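Work through each task before reading its solution.

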Amino acid sequence: MENSVPLHVCHVNKMSIIINRSHAILHSIAILFLIHYRLSFFFQHPQNITIPTLPWLLIFVSELLLYLAWLLSQSHRWRPVYRTVFPERLPADDKLPAIDVYICTADPKKEPSVEVMNTVISAMALDYPPEKLHVYVSDDAGSDATLRCTKEAWNFARYWVPFCRKYGLVTACPDVYFSSSEDGFKGSSDFKAERKKIEEKYEVLKQRIRRIVQESHTDVAANNKLDHSSIIEVISEHHKEKDEVKIPMLVYVSRKKRLSRHHNFNAGALNVLLRVSAMISNSPHILVLDCDMHCNDPTSARQAMCYYCDPQTSQSIAFVQFPQTFRNISEDDIYDSQLRFIFKIHWLGFDGAGGPAISGTNFYIKRKALLGSFTKQQDLMTLKRSFGPSNDFIKTLVEDYKPCFIKDGESSKMLLENANVLASCSYEDQTTWGTKVGFLYFCVLEDYFTGFTLHRKGWKSVYLYPKRPQFLGTATTNFNEASIQWTRWVSGLTSVAISRFCPLICGPLKMSLVHLMCYLEAACMPLLCCLSVWVLLLYLNFVSSMASLYTQRFRTRTSSYFR
Ligand SMILES: O=c1ccn([C@@H]2O[C@H](COP(=O)(O)OP(=O)(O)O[C@H]3O[C@H](CO)[C@@H](O)[C@H](O)[C@H]3O)[C@@H](O)[C@H]2O)c(=O)[nH]1
(Lines give C-alpha, C1' and ligand atoms only; values in the text may rest on other atoms or scores of the structure.)
Protein backbone atom coordinates (compact mmCIF):
# COMPACT_ATOMS: atom_id res chain seq x y z
CA MET A 1 0.00 0.00 0.00
CA GLU A 2 1.38 3.36 -0.94
CA ASN A 3 0.38 6.31 1.15
CA SER A 4 1.15 9.85 0.19
CA VAL A 5 -0.39 11.02 3.47
CA PRO A 6 0.95 9.48 6.67
CA LEU A 7 -1.14 7.13 8.80
CA HIS A 8 0.57 8.34 11.96
CA VAL A 9 2.89 11.04 13.20
CA CYS A 10 5.22 11.25 16.15
CA HIS A 11 5.52 14.57 17.98
CA VAL A 12 8.63 15.40 19.92
CA ASN A 13 8.08 18.11 22.49
CA LYS A 14 11.27 20.08 21.99
CA MET A 15 10.58 22.49 24.85
CA SER A 16 10.20 19.72 27.44
CA ILE A 17 13.32 18.02 26.06
CA ILE A 18 15.33 21.23 26.51
CA ILE A 19 13.99 21.74 30.04
CA ASN A 20 14.50 18.09 31.04
CA ARG A 21 18.02 17.88 29.67
CA SER A 22 19.11 21.24 31.15
CA HIS A 23 17.74 20.14 34.51
CA ALA A 24 19.58 16.82 34.17
CA ILE A 25 22.87 18.59 33.41
CA LEU A 26 22.52 21.05 36.33
CA HIS A 27 21.53 18.25 38.68
CA SER A 28 24.49 16.12 37.50
CA ILE A 29 26.89 19.00 38.20
CA ALA A 30 25.47 19.35 41.71
CA ILE A 31 25.84 15.60 42.22
CA LEU A 32 29.46 15.72 41.02
CA PHE A 33 30.21 18.43 43.59
CA LEU A 34 28.62 16.33 46.32
CA ILE A 35 30.63 13.26 45.27
CA HIS A 36 33.79 15.39 45.29
CA TYR A 37 32.92 16.66 48.77
CA ARG A 38 32.35 13.13 50.09
CA LEU A 39 35.46 11.73 48.42
CA SER A 40 37.75 14.55 49.57
CA PHE A 41 36.99 13.47 53.15
CA PHE A 42 38.92 10.22 52.57
CA PHE A 43 41.97 12.07 51.19
CA GLN A 44 42.40 14.39 54.18
CA HIS A 45 45.35 14.14 56.47
CA PRO A 46 44.41 11.59 59.21
CA GLN A 47 44.94 14.24 61.91
CA ASN A 48 42.25 16.47 60.36
CA ILE A 49 39.61 13.72 60.37
CA THR A 50 37.28 14.52 63.25
CA ILE A 51 34.20 12.58 62.09
CA PRO A 52 34.15 8.75 62.27
CA THR A 53 34.86 7.22 58.84
CA LEU A 54 32.27 4.43 58.86
CA PRO A 55 29.11 6.58 59.07
CA TRP A 56 30.60 8.86 56.41
CA LEU A 57 31.16 5.85 54.16
CA LEU A 58 27.65 4.48 54.81
CA ILE A 59 26.02 7.79 53.97
CA PHE A 60 28.17 8.04 50.84
CA VAL A 61 27.21 4.54 49.65
CA SER A 62 23.56 5.29 50.32
CA GLU A 63 23.84 8.53 48.35
CA LEU A 64 25.62 6.79 45.48
CA LEU A 65 22.75 4.31 45.19
CA LEU A 66 20.25 7.15 45.08
CA TYR A 67 22.36 9.02 42.47
CA LEU A 68 22.29 5.87 40.34
CA ALA A 69 18.52 5.59 40.74
CA TRP A 70 18.18 9.25 39.75
CA LEU A 71 20.48 8.78 36.75
CA LEU A 72 18.42 5.82 35.48
CA SER A 73 15.18 7.75 35.95
CA GLN A 74 16.47 10.43 33.57
CA SER A 75 16.06 7.99 30.69
CA HIS A 76 12.30 8.67 30.72
CA ARG A 77 12.85 12.39 30.50
CA TRP A 78 15.41 12.24 27.74
CA ARG A 79 13.04 12.22 24.74
CA PRO A 80 9.35 11.96 25.60
CA VAL A 81 7.13 11.69 22.53
CA TYR A 82 3.44 11.47 21.85
CA ARG A 83 1.68 10.18 18.76
CA THR A 84 -1.28 10.92 16.57
CA VAL A 85 -2.91 8.42 14.22
CA PHE A 86 -5.24 8.87 11.26
CA PRO A 87 -7.44 5.76 11.08
CA GLU A 88 -9.63 7.42 8.44
CA ARG A 89 -6.69 7.01 6.03
CA LEU A 90 -6.55 3.23 6.44
CA PRO A 91 -7.17 1.06 3.39
CA ALA A 92 -10.61 -0.45 2.72
CA ASP A 93 -11.96 -3.00 5.21
CA ASP A 94 -11.21 -5.98 2.95
CA LYS A 95 -7.51 -5.08 3.04
CA LEU A 96 -7.26 -4.87 6.83
CA PRO A 97 -5.47 -7.73 8.61
CA ALA A 98 -7.44 -10.00 10.98
CA ILE A 99 -7.25 -9.68 14.78
CA ASP A 100 -7.68 -12.24 17.56
CA VAL A 101 -8.69 -10.83 20.94
CA TYR A 102 -7.56 -12.73 24.06
CA ILE A 103 -9.46 -12.16 27.30
CA CYS A 104 -8.13 -14.08 30.29
CA THR A 105 -10.15 -14.84 33.37
CA ALA A 106 -9.06 -17.05 36.25
CA ASP A 107 -11.61 -17.08 39.02
CA PRO A 108 -15.38 -16.47 38.74
CA LYS A 109 -15.56 -15.84 42.49
CA LYS A 110 -13.03 -13.00 42.46
CA GLU A 111 -13.73 -11.64 39.00
CA PRO A 112 -17.43 -10.71 38.74
CA SER A 113 -18.94 -12.48 35.72
CA VAL A 114 -21.08 -9.48 34.71
CA GLU A 115 -17.88 -7.43 34.44
CA VAL A 116 -16.04 -10.15 32.52
CA MET A 117 -18.91 -10.55 30.07
CA ASN A 118 -18.99 -6.79 29.55
CA THR A 119 -15.35 -7.00 28.51
CA VAL A 120 -16.21 -9.81 26.08
CA ILE A 121 -19.18 -7.92 24.59
CA SER A 122 -17.20 -4.68 24.28
CA ALA A 123 -14.42 -6.53 22.42
CA MET A 124 -16.98 -7.99 20.03
CA ALA A 125 -18.26 -4.46 19.42
CA LEU A 126 -14.88 -3.14 18.26
CA ASP A 127 -15.18 -1.09 15.10
CA TYR A 128 -13.59 -3.65 12.80
CA PRO A 129 -14.87 -5.96 10.02
CA PRO A 130 -16.64 -8.72 12.03
CA GLU A 131 -15.29 -11.53 9.85
CA LYS A 132 -11.79 -10.31 10.75
CA LEU A 133 -12.33 -10.20 14.50
CA HIS A 134 -12.23 -13.32 16.69
CA VAL A 135 -12.69 -13.13 20.44
CA TYR A 136 -11.23 -15.83 22.69
CA VAL A 137 -12.17 -16.16 26.35
CA SER A 138 -9.61 -18.07 28.36
CA ASP A 139 -11.11 -19.49 31.53
CA ASP A 140 -8.39 -20.82 33.81
CA ALA A 141 -10.96 -22.00 36.34
CA GLY A 142 -12.62 -24.27 33.76
CA SER A 143 -15.90 -23.11 35.24
CA ASP A 144 -19.16 -24.28 33.76
CA ALA A 145 -20.69 -20.99 34.92
CA THR A 146 -18.24 -18.95 32.82
CA LEU A 147 -18.96 -21.10 29.78
CA ARG A 148 -22.71 -20.58 30.21
CA CYS A 149 -22.23 -16.84 30.80
CA THR A 150 -20.13 -16.61 27.62
CA LYS A 151 -22.98 -18.18 25.67
CA GLU A 152 -25.39 -15.65 27.17
CA ALA A 153 -22.98 -12.85 26.29
CA TRP A 154 -22.83 -14.06 22.68
CA ASN A 155 -26.63 -14.06 22.55
CA PHE A 156 -26.75 -10.48 23.74
CA ALA A 157 -23.94 -9.41 21.40
CA ARG A 158 -26.12 -10.44 18.44
CA TYR A 159 -28.28 -7.40 19.26
CA TRP A 160 -25.70 -5.14 20.83
CA VAL A 161 -23.08 -5.23 18.05
CA PRO A 162 -25.50 -4.31 15.22
CA PHE A 163 -26.98 -1.58 17.45
CA CYS A 164 -23.50 -0.10 18.06
CA ARG A 165 -22.68 -0.24 14.34
CA LYS A 166 -25.99 1.22 13.21
CA TYR A 167 -25.82 4.25 15.48
CA GLY A 168 -22.02 4.56 15.69
CA LEU A 169 -21.90 4.38 19.50
CA VAL A 170 -18.69 5.64 21.04
CA THR A 171 -19.08 3.48 24.15
CA ALA A 172 -18.66 -0.19 23.35
CA CYS A 173 -19.33 -1.53 26.84
CA PRO A 174 -23.06 -2.01 27.57
CA ASP A 175 -22.73 -1.55 31.33
CA VAL A 176 -21.04 1.83 30.96
CA TYR A 177 -23.35 2.88 28.14
CA PHE A 178 -26.56 2.16 30.01
CA SER A 179 -25.36 3.44 33.37
CA SER A 180 -24.47 6.82 31.87
CA SER A 181 -27.01 9.10 30.27
CA GLU A 182 -25.09 8.93 26.96
CA ASP A 183 -27.48 9.32 24.03
CA GLY A 184 -30.35 8.59 26.40
CA PHE A 185 -32.36 11.68 25.61
CA LYS A 186 -31.22 12.43 22.08
CA GLY A 187 -31.81 10.89 18.70
CA SER A 188 -34.80 9.86 16.64
CA SER A 189 -37.79 8.02 18.06
CA ASP A 190 -36.56 4.86 16.25
CA PHE A 191 -33.28 5.10 18.06
CA LYS A 192 -34.93 5.68 21.41
CA ALA A 193 -37.23 2.68 20.93
CA GLU A 194 -34.35 0.46 19.87
CA ARG A 195 -32.19 1.66 22.75
CA LYS A 196 -34.96 0.82 25.21
CA LYS A 197 -35.32 -2.68 23.73
CA ILE A 198 -31.59 -3.35 23.98
CA GLU A 199 -31.50 -1.98 27.52
CA GLU A 200 -34.21 -4.45 28.50
CA LYS A 201 -32.23 -7.27 26.90
CA TYR A 202 -29.19 -6.15 28.86
CA GLU A 203 -31.14 -6.27 32.12
CA VAL A 204 -32.23 -9.82 31.23
CA LEU A 205 -28.61 -10.75 30.48
CA LYS A 206 -27.46 -9.45 33.87
CA GLN A 207 -30.19 -11.38 35.66
CA ARG A 208 -29.31 -14.58 33.80
CA ILE A 209 -25.62 -14.21 34.56
CA ARG A 210 -26.35 -13.64 38.24
CA ARG A 211 -28.59 -16.69 38.34
CA ILE A 212 -25.94 -18.84 36.66
CA VAL A 213 -23.32 -17.64 39.15
CA GLN A 214 -25.66 -18.31 42.08
CA GLU A 215 -26.41 -21.81 40.81
CA SER A 216 -22.69 -22.50 40.45
CA HIS A 217 -22.15 -21.46 44.10
CA THR A 218 -24.78 -23.93 45.31
CA ASP A 219 -23.63 -26.66 42.93
CA VAL A 220 -21.91 -29.28 45.11
CA ALA A 221 -20.04 -30.84 42.21
CA ALA A 222 -18.56 -27.47 41.25
CA ASN A 223 -15.50 -27.50 39.02
CA ASN A 224 -12.11 -27.77 40.52
CA LYS A 225 -10.29 -24.75 39.20
CA LEU A 226 -6.88 -26.37 39.74
CA ASP A 227 -7.67 -29.75 38.23
CA HIS A 228 -9.83 -30.10 35.13
CA SER A 229 -9.77 -31.16 31.49
CA SER A 230 -9.51 -28.81 28.57
CA ILE A 231 -12.67 -27.44 26.97
CA ILE A 232 -12.77 -25.60 23.66
CA GLU A 233 -16.08 -24.42 22.29
CA VAL A 234 -16.85 -22.21 19.35
CA ILE A 235 -19.90 -20.45 20.78
CA SER A 236 -21.27 -19.04 17.55
CA GLU A 237 -21.78 -22.39 15.85
CA HIS A 238 -24.57 -23.38 18.25
CA HIS A 239 -26.82 -20.80 16.69
CA LYS A 240 -27.79 -22.06 13.29
CA GLU A 241 -30.34 -19.35 12.41
CA LYS A 242 -28.89 -16.84 10.00
CA ASP A 243 -28.33 -13.40 11.50
CA GLU A 244 -28.68 -10.45 9.19
CA VAL A 245 -25.67 -8.70 10.60
CA LYS A 246 -22.46 -10.63 11.07
CA ILE A 247 -20.81 -10.53 14.47
CA PRO A 248 -17.30 -11.64 15.42
CA MET A 249 -16.60 -15.25 16.27
CA LEU A 250 -16.53 -16.07 19.99
CA VAL A 251 -14.52 -19.01 21.32
CA TYR A 252 -14.35 -20.34 24.86
CA VAL A 253 -11.05 -21.99 25.85
CA SER A 254 -10.20 -23.61 29.13
CA ARG A 255 -6.77 -25.22 29.26
CA LYS A 256 -6.23 -28.52 30.98
CA LYS A 257 -5.00 -28.25 34.56
CA ARG A 258 -3.51 -30.83 36.88
CA LEU A 259 -2.53 -30.28 40.50
CA SER A 260 0.92 -31.73 39.90
CA ARG A 261 1.70 -29.22 37.13
CA HIS A 262 2.81 -25.60 37.20
CA HIS A 263 0.59 -23.52 34.94
CA ASN A 264 2.60 -20.32 34.65
CA PHE A 265 -0.24 -17.96 35.49
CA ASN A 266 -1.43 -15.55 32.82
CA ALA A 267 1.51 -16.26 30.49
CA GLY A 268 0.63 -19.98 30.42
CA ALA A 269 -2.99 -19.14 29.54
CA LEU A 270 -1.88 -16.74 26.80
CA ASN A 271 0.42 -19.34 25.24
CA VAL A 272 -2.44 -21.85 25.11
CA LEU A 273 -4.54 -19.20 23.38
CA LEU A 274 -1.70 -18.57 20.92
CA ARG A 275 -1.76 -22.24 19.90
CA VAL A 276 -5.51 -22.81 19.94
CA SER A 277 -6.32 -19.61 18.06
CA ALA A 278 -3.69 -20.52 15.44
CA MET A 279 -5.79 -23.58 14.60
CA ILE A 280 -9.03 -21.61 14.42
CA SER A 281 -8.36 -18.15 13.01
CA ASN A 282 -4.57 -17.65 13.01
CA SER A 283 -4.88 -13.88 12.82
CA PRO A 284 -1.60 -12.01 12.36
CA HIS A 285 -2.43 -9.56 15.17
CA ILE A 286 -3.58 -10.13 18.72
CA LEU A 287 -5.22 -7.84 21.26
CA VAL A 288 -4.59 -8.93 24.86
CA LEU A 289 -7.04 -7.85 27.57
CA ASP A 290 -7.41 -8.57 31.28
CA CYS A 291 -10.93 -9.71 32.06
CA ASP A 292 -11.68 -6.50 33.99
CA MET A 293 -10.49 -4.19 31.22
CA HIS A 294 -13.27 -3.42 28.77
CA CYS A 295 -12.98 -1.62 25.44
CA ASN A 296 -14.23 1.85 26.18
CA ASP A 297 -13.90 3.08 22.63
CA PRO A 298 -14.41 0.87 19.57
CA THR A 299 -11.71 2.55 17.47
CA SER A 300 -8.59 1.13 19.16
CA ALA A 301 -8.16 -1.66 16.56
CA ARG A 302 -8.11 0.81 13.68
CA GLN A 303 -5.77 3.10 15.60
CA ALA A 304 -3.31 0.25 16.11
CA MET A 305 -3.60 -0.77 12.46
CA CYS A 306 -2.24 2.64 11.45
CA TYR A 307 1.17 1.22 12.36
CA TYR A 308 0.66 -2.28 11.00
CA CYS A 309 -0.72 -1.07 7.66
CA ASP A 310 2.15 1.33 7.11
CA PRO A 311 4.87 -0.51 5.14
CA GLN A 312 7.52 1.65 6.81
CA THR A 313 6.66 0.53 10.33
CA SER A 314 4.78 -2.75 9.88
CA GLN A 315 7.95 -4.87 9.72
CA SER A 316 9.65 -3.44 12.78
CA ILE A 317 6.81 -2.83 15.24
CA ALA A 318 6.02 -5.76 17.51
CA PHE A 319 3.28 -4.20 19.60
CA VAL A 320 1.18 -1.09 20.05
CA GLN A 321 0.53 -0.36 23.70
CA PHE A 322 -2.41 1.68 25.06
CA PRO A 323 -2.39 2.99 28.65
CA GLN A 324 -4.31 1.35 31.45
CA THR A 325 -7.05 3.68 32.63
CA PHE A 326 -9.49 2.96 35.41
CA ARG A 327 -13.08 3.86 36.14
CA ASN A 328 -13.18 3.31 39.89
CA ILE A 329 -10.61 5.84 41.03
CA SER A 330 -11.47 7.73 44.19
CA GLU A 331 -10.96 11.48 44.37
CA ASP A 332 -7.99 11.20 46.72
CA ASP A 333 -6.41 8.13 45.12
CA ILE A 334 -3.87 7.93 47.92
CA TYR A 335 -2.16 4.81 46.53
CA ASP A 336 -1.93 6.28 43.00
CA SER A 337 -4.01 3.38 41.70
CA GLN A 338 -4.13 5.13 38.34
CA LEU A 339 -0.40 4.49 38.00
CA ARG A 340 0.00 8.01 36.63
CA PHE A 341 3.77 8.01 36.89
CA ILE A 342 3.87 5.00 34.56
CA PHE A 343 1.25 5.79 31.97
CA LYS A 344 1.45 9.58 31.93
CA ILE A 345 5.21 10.04 32.28
CA HIS A 346 7.44 6.98 31.99
CA TRP A 347 5.80 5.36 28.96
CA LEU A 348 6.08 8.57 26.89
CA GLY A 349 9.82 8.62 27.52
CA PHE A 350 10.10 4.87 26.98
CA ASP A 351 8.38 5.39 23.62
CA GLY A 352 10.86 8.06 22.58
CA ALA A 353 13.73 5.74 23.45
CA GLY A 354 12.57 2.75 21.35
CA GLY A 355 9.15 1.77 22.58
CA PRO A 356 7.32 1.10 25.85
CA ALA A 357 7.39 -2.20 27.68
CA ILE A 358 4.36 -4.47 27.45
CA SER A 359 1.94 -3.47 30.21
CA GLY A 360 0.10 -6.78 30.59
CA THR A 361 -3.11 -5.66 28.96
CA ASN A 362 -4.39 -3.24 26.28
CA PHE A 363 -1.82 -4.04 23.63
CA TYR A 364 -2.00 -5.20 20.03
CA ILE A 365 0.86 -7.56 19.29
CA LYS A 366 2.05 -9.30 16.17
CA ARG A 367 1.84 -13.09 16.23
CA LYS A 368 5.07 -13.16 14.23
CA ALA A 369 6.93 -11.28 16.97
CA LEU A 370 6.02 -13.93 19.52
CA LEU A 371 6.42 -17.02 17.36
CA GLY A 372 8.60 -16.03 14.43
CA SER A 373 7.64 -16.76 10.85
CA PHE A 374 8.82 -19.63 8.74
CA THR A 375 8.84 -20.92 5.20
CA LYS A 376 7.64 -24.30 4.02
CA GLN A 377 11.26 -25.36 3.57
CA GLN A 378 11.99 -25.16 7.29
CA ASP A 379 13.21 -28.37 8.90
CA LEU A 380 10.18 -30.03 10.54
CA MET A 381 12.14 -31.67 13.37
CA THR A 382 13.72 -28.37 14.41
CA LEU A 383 10.30 -26.76 14.48
CA LYS A 384 8.87 -29.64 16.52
CA ARG A 385 11.65 -29.31 19.07
CA SER A 386 10.70 -25.70 19.49
CA PHE A 387 6.93 -25.70 19.10
CA GLY A 388 5.89 -29.21 20.17
CA PRO A 389 4.73 -32.26 18.24
CA SER A 390 1.54 -30.98 16.56
CA ASN A 391 1.90 -30.98 12.77
CA ASP A 392 -1.26 -28.96 12.44
CA PHE A 393 0.08 -26.22 14.66
CA ILE A 394 3.40 -26.16 12.82
CA LYS A 395 1.55 -25.65 9.54
CA THR A 396 0.06 -22.47 10.99
CA LEU A 397 3.53 -20.98 11.46
CA VAL A 398 4.01 -20.60 7.73
CA GLU A 399 3.29 -17.03 6.84
CA ASP A 400 -0.27 -16.25 5.67
CA TYR A 401 -1.44 -19.78 6.47
CA LYS A 402 -5.22 -19.86 6.89
CA PRO A 403 -6.60 -22.81 8.87
CA CYS A 404 -9.81 -24.41 7.60
CA PHE A 405 -11.21 -24.98 11.06
CA ILE A 406 -14.72 -23.76 10.34
CA LYS A 407 -16.48 -25.19 7.29
CA ASP A 408 -20.09 -24.35 6.51
CA GLY A 409 -20.48 -22.86 9.97
CA GLU A 410 -19.28 -26.01 11.77
CA SER A 411 -15.91 -26.68 13.27
CA SER A 412 -13.92 -29.66 12.08
CA LYS A 413 -14.05 -32.37 14.76
CA MET A 414 -10.50 -33.52 14.08
CA LEU A 415 -9.05 -30.03 14.34
CA LEU A 416 -11.02 -29.43 17.52
CA GLU A 417 -9.46 -32.58 18.99
CA ASN A 418 -6.04 -31.32 17.95
CA ALA A 419 -6.77 -27.96 19.54
CA ASN A 420 -7.56 -29.80 22.78
CA VAL A 421 -4.16 -31.49 22.60
CA LEU A 422 -2.59 -28.04 22.24
CA ALA A 423 -4.40 -26.96 25.42
CA SER A 424 -3.14 -29.92 27.47
CA CYS A 425 -0.70 -29.28 30.30
CA SER A 426 1.99 -31.59 28.96
CA TYR A 427 2.11 -30.09 25.46
CA GLU A 428 4.91 -27.69 26.33
CA ASP A 429 7.18 -30.37 27.81
CA GLN A 430 10.59 -30.45 26.09
CA THR A 431 9.74 -27.46 23.92
CA THR A 432 10.84 -23.83 24.02
CA TRP A 433 7.39 -22.46 24.87
CA GLY A 434 7.80 -19.85 27.58
CA THR A 435 11.58 -19.84 27.33
CA LYS A 436 12.09 -18.72 23.75
CA VAL A 437 8.71 -18.61 22.06
CA GLY A 438 5.38 -17.09 23.09
CA PHE A 439 4.94 -15.19 26.35
CA LEU A 440 7.91 -15.88 28.57
CA TYR A 441 7.67 -17.56 31.96
CA PHE A 442 10.95 -16.49 33.51
CA CYS A 443 9.31 -14.08 35.94
CA VAL A 444 5.78 -13.47 37.21
CA LEU A 445 5.74 -10.24 35.21
CA GLU A 446 5.50 -11.96 31.86
CA ASP A 447 4.63 -8.63 30.28
CA TYR A 448 7.83 -6.82 31.29
CA PHE A 449 10.07 -9.75 30.45
CA THR A 450 8.46 -10.60 27.11
CA GLY A 451 8.57 -6.94 26.04
CA PHE A 452 12.20 -6.65 27.07
CA THR A 453 13.15 -9.79 25.14
CA LEU A 454 11.38 -8.51 22.01
CA HIS A 455 13.24 -5.20 22.23
CA ARG A 456 16.51 -7.02 22.76
CA LYS A 457 15.89 -8.86 19.52
CA GLY A 458 15.48 -5.55 17.71
CA TRP A 459 11.69 -5.20 17.63
CA LYS A 460 10.17 -1.77 18.25
CA SER A 461 6.93 -0.77 19.95
CA VAL A 462 4.79 2.34 20.13
CA TYR A 463 2.65 3.95 22.80
CA LEU A 464 -0.68 5.44 21.85
CA TYR A 465 -2.27 7.78 24.36
CA PRO A 466 -5.43 9.17 22.77
CA LYS A 467 -7.56 11.67 24.67
CA ARG A 468 -10.48 9.28 25.09
CA PRO A 469 -9.40 6.19 27.07
CA GLN A 470 -9.59 3.22 24.73
CA PHE A 471 -9.76 0.72 27.58
CA LEU A 472 -11.15 1.13 31.08
CA GLY A 473 -10.63 -1.25 33.97
CA THR A 474 -10.96 -1.57 37.70
CA ALA A 475 -8.00 -0.60 39.84
CA THR A 476 -7.05 -1.68 43.32
CA THR A 477 -8.51 0.81 45.77
CA ASN A 478 -7.54 -0.44 49.21
CA PHE A 479 -4.23 -0.96 50.92
CA ASN A 480 -4.55 -4.75 51.06
CA GLU A 481 -5.07 -5.23 47.33
CA ALA A 482 -2.53 -2.55 46.40
CA SER A 483 0.15 -4.07 48.62
CA ILE A 484 -0.41 -7.58 47.18
CA GLN A 485 -0.21 -6.25 43.63
CA TRP A 486 2.87 -4.14 44.31
CA THR A 487 4.61 -6.97 46.14
CA ARG A 488 4.11 -9.19 43.09
CA TRP A 489 5.34 -6.52 40.67
CA VAL A 490 8.34 -5.54 42.80
CA SER A 491 9.38 -9.15 43.41
CA GLY A 492 8.99 -9.90 39.67
CA LEU A 493 11.15 -6.93 38.69
CA THR A 494 13.76 -7.69 41.34
CA SER A 495 13.97 -11.30 40.22
CA VAL A 496 14.95 -9.98 36.77
CA ALA A 497 17.39 -7.44 38.22
CA ILE A 498 19.36 -10.09 40.11
CA SER A 499 19.24 -12.71 37.35
CA ARG A 500 21.33 -13.38 34.27
CA PHE A 501 18.64 -11.48 32.35
CA CYS A 502 19.41 -8.22 34.16
CA PRO A 503 19.23 -5.53 31.45
CA LEU A 504 22.74 -4.42 32.40
CA ILE A 505 24.26 -7.79 31.53
CA CYS A 506 22.21 -9.05 28.64
CA GLY A 507 20.64 -5.89 27.32
CA PRO A 508 22.77 -3.96 24.91
CA LEU A 509 22.18 -6.06 21.84
CA LYS A 510 19.85 -4.17 19.57
CA MET A 511 18.73 -1.45 21.95
CA SER A 512 19.85 2.13 22.43
CA LEU A 513 21.56 3.04 25.71
CA VAL A 514 18.62 5.23 26.80
CA HIS A 515 16.16 2.42 26.06
CA LEU A 516 18.29 0.02 28.06
CA MET A 517 18.35 2.50 30.94
CA CYS A 518 14.53 2.63 30.88
CA TYR A 519 14.36 -1.15 31.33
CA LEU A 520 17.17 -1.08 33.88
CA GLU A 521 15.36 1.58 35.90
CA ALA A 522 12.16 -0.48 36.01
CA ALA A 523 14.05 -3.62 37.08
CA CYS A 524 16.49 -2.04 39.55
CA MET A 525 14.53 0.84 41.12
CA PRO A 526 12.98 -1.26 43.92
CA LEU A 527 16.36 -2.79 44.71
CA LEU A 528 18.24 0.52 44.61
CA CYS A 529 15.72 2.27 46.86
CA CYS A 530 15.67 -0.63 49.33
CA LEU A 531 19.45 -0.88 49.41
CA SER A 532 19.93 2.83 49.99
CA VAL A 533 17.40 2.77 52.83
CA TRP A 534 19.08 -0.33 54.23
CA VAL A 535 22.48 1.37 54.21
CA LEU A 536 20.93 4.45 55.84
CA LEU A 537 19.42 2.23 58.52
CA LEU A 538 22.85 0.75 59.10
CA TYR A 539 24.11 4.28 59.54
CA LEU A 540 21.32 5.16 61.96
CA ASN A 541 22.01 1.97 63.85
CA PHE A 542 25.66 3.00 64.05
CA VAL A 543 24.78 6.53 65.20
CA SER A 544 22.39 5.28 67.88
CA SER A 545 24.92 2.76 69.22
CA MET A 546 27.59 5.51 69.26
CA ALA A 547 25.15 7.81 71.04
CA SER A 548 24.36 5.21 73.68
CA LEU A 549 28.10 4.58 74.12
CA TYR A 550 28.77 8.28 74.67
CA THR A 551 25.81 8.61 77.08
CA GLN A 552 27.09 5.64 79.02
CA ARG A 553 30.58 7.16 79.24
CA PHE A 554 29.14 10.53 80.21
CA ARG A 555 27.06 8.90 82.97
CA THR A 556 30.05 7.01 84.32
CA ARG A 557 32.17 10.18 84.32
CA THR A 558 29.55 12.37 85.97
CA SER A 559 28.78 9.74 88.61
CA SER A 560 32.53 9.39 89.46
CA TYR A 561 32.78 13.21 89.63
CA PHE A 562 29.96 13.46 92.21
CA ARG A 563 31.25 10.56 94.26
O1 LIG B 1 -3.28 -17.98 36.42
C2 LIG B 1 -3.79 -16.94 35.98
C3 LIG B 1 -3.61 -15.68 36.59
C4 LIG B 1 -4.21 -14.58 36.03
N5 LIG B 1 -4.98 -14.71 34.93
C6 LIG B 1 -5.63 -13.51 34.35
O7 LIG B 1 -4.64 -12.55 34.10
C8 LIG B 1 -5.16 -11.25 34.25
C9 LIG B 1 -4.25 -10.41 35.12
O10 LIG B 1 -4.09 -11.01 36.38
P11 LIG B 1 -4.20 -10.21 37.76
O12 LIG B 1 -4.03 -11.17 38.85
O13 LIG B 1 -5.42 -9.37 37.70
O14 LIG B 1 -2.91 -9.33 37.72
P15 LIG B 1 -2.76 -7.72 37.78
O16 LIG B 1 -1.63 -7.42 38.68
O17 LIG B 1 -4.03 -7.03 38.04
O18 LIG B 1 -2.36 -7.49 36.27
C19 LIG B 1 -1.20 -6.87 35.77
O20 LIG B 1 0.00 -7.59 35.96
C21 LIG B 1 0.04 -8.92 35.42
C22 LIG B 1 1.43 -9.45 35.63
O23 LIG B 1 1.65 -9.66 36.95
C24 LIG B 1 -0.29 -8.93 33.93
O25 LIG B 1 -0.39 -10.27 33.49
C26 LIG B 1 -1.61 -8.23 33.73
O27 LIG B 1 -1.94 -8.22 32.38
C28 LIG B 1 -1.50 -6.81 34.28
O29 LIG B 1 -2.68 -6.07 34.07
C30 LIG B 1 -6.57 -11.40 34.83
O31 LIG B 1 -7.50 -11.18 33.80
C32 LIG B 1 -6.61 -12.83 35.31
O33 LIG B 1 -7.88 -13.38 35.22
C34 LIG B 1 -5.14 -15.93 34.31
O35 LIG B 1 -5.84 -16.04 33.30
N36 LIG B 1 -4.55 -17.02 34.85
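**Exercise 1.** Which side chains meet in a salt bridge at 3.0 Å, N to O?

Solution. In this predicted model, the two partners are arginine 148 and glutamate 215. Finally, check accessibility. Arginine 148 is partly exposed at 33%, and glutamate 215 is partly exposed at 36%.

**Exercise 2.** Is arginine 83, which has 19% relative accessibility, buried or exposed, and with which residue does arginine 83 form a salt bridge?

Solution. Start with the cut-off: buried means under 20% relative accessible area, so arginine 83, at 19%, counts as buried. Its partner is aspartate 351, with the closest N and O atoms 2.7 Å apart. Because arginine 83 belongs to strand β2 (residues 81–85) and aspartate 351 to helix α11 (residues 340–353), the bridge ties together parts that are 268 residues apart in sequence. Aspartate 351 is buried too, with a relative accessible area of 3%.

**Exercise 3.** Which residues of helix α13 (residues 380–387) are buried, and why do they line one face of the helix?

Solution. First, list them: Leu383, Ser386 and Phe387. Viewed down the axis of α13, these buried residues fall within an arc of 80°, so they line one face. Then look for the packing partners of the buried residues, which are α12 (367–371) and α14 (391–396). Last, glycine 388 follows α13 and has a positive phi, near 95°.

Conventions:
Residues are numbered from 1 along each chain as its sequence is written. This is a predicted model: local features need pLDDT of at least 70, side-chain atom pairs count only at pLDDT 80 or more; totals for chains, interfaces and linings use all residues. Side-chain values use heavy atoms; hydrogens and water are left out. Buried means under 20% relative accessible area, exposed over 50%, partly exposed in between (1.4 Å probe, protein chains only). Helices (H or I, at least four residues) and strands (E, at least two) are DSSP runs, numbered from the N terminus. The arc is that of the directions from the helix axis to the C-beta atoms. Contact means heavy atoms within 4.5 Å. A salt bridge is a side-chain nitrogen of Lys or Arg within 4 Å of a carboxyl oxygen of Asp or Glu.
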